[in-house]
Every structure is written in C-alpha cells, then in structure tokens.
Amino acid sequence: MESQRYMLGTGNLLHLENLSTISNLYRFALVLTKNALQAERLVGESVREVLYRGSGESARRIRWLIFQKVRQRALSQIANEETGDISSNEIVTALHALPEPSRSAMTLLCLESFSLQDLESLLDLSTQELGEALKAARSRLKHSLSLAQTPS
Amino acid sequence: MTLNQIKNLLLACPPTGRDGGDPRLRKALRAAQKSPELQASLDTQVKFDGHIADKLRAIPVPVSLTADATKIESLLSHQTVPSISFRDPAIISVIVATILLMGLGVWLVFGKMSSFPGTSDTWRVVLEGNTTPWDRLEPLKLKMDVLNDWFAMKGMDQFWAPSAFGKLDIIGGGIFNVSDIPVAMGIIDHPRMFFYAFNGTRLGILPPTDGRWKILTHERKTIGVTRQGDSVFVIEIDGSQRDLQQILHSSLAH
C-alpha cells in the first residue's frame, strides 16, 4: 500500500514536471524564434530526436539535451532563414531582441528549468560570463520594457 | 570567495531568490545576507526577474505539445534513480572497487576482443549515423525480417541482419552513404538500439565471420559487430559492454 501510494505520487509529480518542461521548452523556443508555429515544430522535433537517441541517459541529462537541441536548432534557423514575425507578445519581443547569449541566459533563468551548473554548461559560459550576460540582459530589458509601457 | 565572484553568482540567482541546490550560490546568498548593499541589489533583481518570469509563464502552450510531455514522462519514469550520497563511505568503496574492476576488465579484455580490420571505419559509420538528421529517417512499423524488401525499395540491395533479430520491431529506417557506399540504418524499438548494415568488404570493415559478435566501446556508446560474407551488421546502444552482452544473450535468445 505504502509503495503503491509512493509510485502514484512519483508518477503524478513526473507528469506535472514534464508538462512544465514542455511548456518551458515551448516558451524558450518562442523567445528564440519569435514565431509560434516554428517554436511548436522545434519543440516537437527536438523532443522526438532526443527521445530516440537518449536511451540510457539520466532524466536530468535528457532535459538538458532537449533544451540544448531546441537552442541549437533555433539559432541555426535564425541564422539561415527569414523567420515570420508572428508573436506580438511584449515579453517575447523584448527577450527576442536581446543578443545571444543574454537572450537564452535570461529566458532560461526566468523559466527556472536548470541549476546554475547546468545553465553554465548548456550555454557554454563561465560563471563570470553568465553573470555578465544576465547583467546586460536586465539592463536592456529595463529600457525596452519601460519604453513599451510609455503611453504614446 | 571574492566580492566579484559573489556579485557574479548573485547575478545568476533565479527569480525565487533561492540557491537551487548549488553550493556556490548558497555561499553567495549567505554573503548577501550580511551586506545590506548586496541584499538590496539582489532584492531588486529578484523582483524584476520575477516580473519577467510571471509574464513568460503566462504564455499559453499549444495543446498538441502535451503529447510530447507524455512521451517524456514515459522515458523519464524509467530513468529516475534514487538519490545517492557520494559522501557515504560505503558508496565511495563501491565506486572505487567498481573503477578498479572496470580497469582490470578493460586491461584483460581489450587486447583480445577489440580490434579487427576496419575497426576505426566501423566507428566512422556509427558516428556518421549519429549525425544523420532525424527527418532523414522514415517512421516504420515493421519486423526486421521484412526489412530486406523495404531497403530494396529504397534502392539498397543485399540488406542482411542476423536471423536472431528477425522478430524485432523496427520503428524507423533510412539510408546514408559513407565513402559512397550505402549504409542501411534503423531503430529497433525494444530493446532500444540503432542498427547499421552495409557491404563490409567495400568499406574495408572485416570482422571475423565465425558468427560471434565483436563488442567495442567508445565513451558512452557500445557497438556489436558481426559479419556474414560481405555483409556487416552493427548494433549500437548507449550503455556498457555488459549491457550489450546482456541484450545479445537474453533478449535475442528468445
């Protein structure tokens, strides 16, 4: 009985955690691409690729791999394609306007998907570089968000 | 820890204002508690980031993606392991003993088992397969023993797989080239593995034809290689030699 309750609880937690992982993946992809359709496709493709290749990896590593795959694909698409400017969400627009790695760093920090160590390795930044990227992001966001709130 | 290091760590503090289990951030947060200036700056930062986080979390997520959440769930539920304290002397002893045994095993076994003509080219085939874009593999729902026809339709004749693999379910397949030689690649559903089949003679990959498997490991990947005539068949798993030997002896024996 005890173990049944435990398993049920663990399953529910995992389910909630993974819904949150997918939601945060989508929001991260949306910030990177600023295109809802492209973000949805990126998440779907990256999840499928990592699931097929990720057998034997730990849960933490799988989560890390999926986010890394979304970022790699999004950045290569931004470099190679004209992305449709679909999302008009204020926060997506402000974050998307940041340069890399500030954009990814600030978005991932706010989505709280990773520990500090995982964030550094995902973005391939030292603690100092991550701090600088986040400082620059906040400074630009304060400016752009206050501009967005200024009545015309 | 210097003041600059503390400031840098605090810049990476999440909007919750908590350390998230990171010992460096924990120290930095303790230092901030002792400095009104640092604490005030951190409070402002956390408040600002919290505002961004709230807005990000308010972005609706397409319903279609919840199907992917279910897939992640099924995978992670098989991967979740109980937490282990690496400070526990018993655990340390087990780790040290395991490393020593593995080293001894590698030293004893490698010289005898690992090489044959074309070993490095075999890894080249596998690494090439690993970088094949996902969209170049077609989803399949076939048994291995009918793949010969499927690959023939795709333009690759003489696909061969060991008969023990005949009843395994294949969920994806495709063809890529290595030095202009076609390589058939596929995904076995259970136990989850990749396989590669190609003309070994043309690629200079010549494991023995005695029906046994040559098992090789590189970083986290382990492959098994076998040959019949010109045809070479490789299976790839993310795991150890022992994992692969277990798969070959148990799963495929049925």
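A: Start with the helix. Helix H9 of chain B, residues 241-249, lies across S5, strand S6 (221-228) and strand S7 (231-238) of chain B. H9(B) runs at about 45° to S6(B). Axes here are lines fitted to C-alpha atoms, for helices over the stretch in contact, and angles run from 0 to 180 degrees between N-to-C directions. Contact means that the C-beta atoms of two residues, placed from the backbone, lie within 7 Å. Helices (H or I, at least four residues) and strands (E, at least two) are DSSP runs, numbered from the N terminus.

This is a predicted model: local features need pLDDT of at least 70, side-chain atom pairs count only at pLDDT 80 or more, and totals for chains, interfaces and linings use all residues. Residues are numbered from 1 along each chain as its sequence is written, while chains are lettered from A and ligands numbered from 1 in the order in which they are written.

Now the sheet itself. It is open, has seven strands and belongs to chain B, in the order S1-S2-S3-S4-S7-S6-S5. The pairing is antiparallel. Two strands pair if DSSP finds at least two bridges between them. Strands S1 (138-143) and S5 (214-218) of chain B stand at the edges. Each has a single partner strand, so one side of each is left without a neighbour in the sheet. Neighbouring strands of this sheet are turned by 30° against each other on average, direction ignored.

One pairing in detail: S3 (residues 181-188) and S4 (residues 193-199) of chain B run antiparallel, joined by five bridges. Met185(B) stands opposite Tyr196(B) in S4(B).
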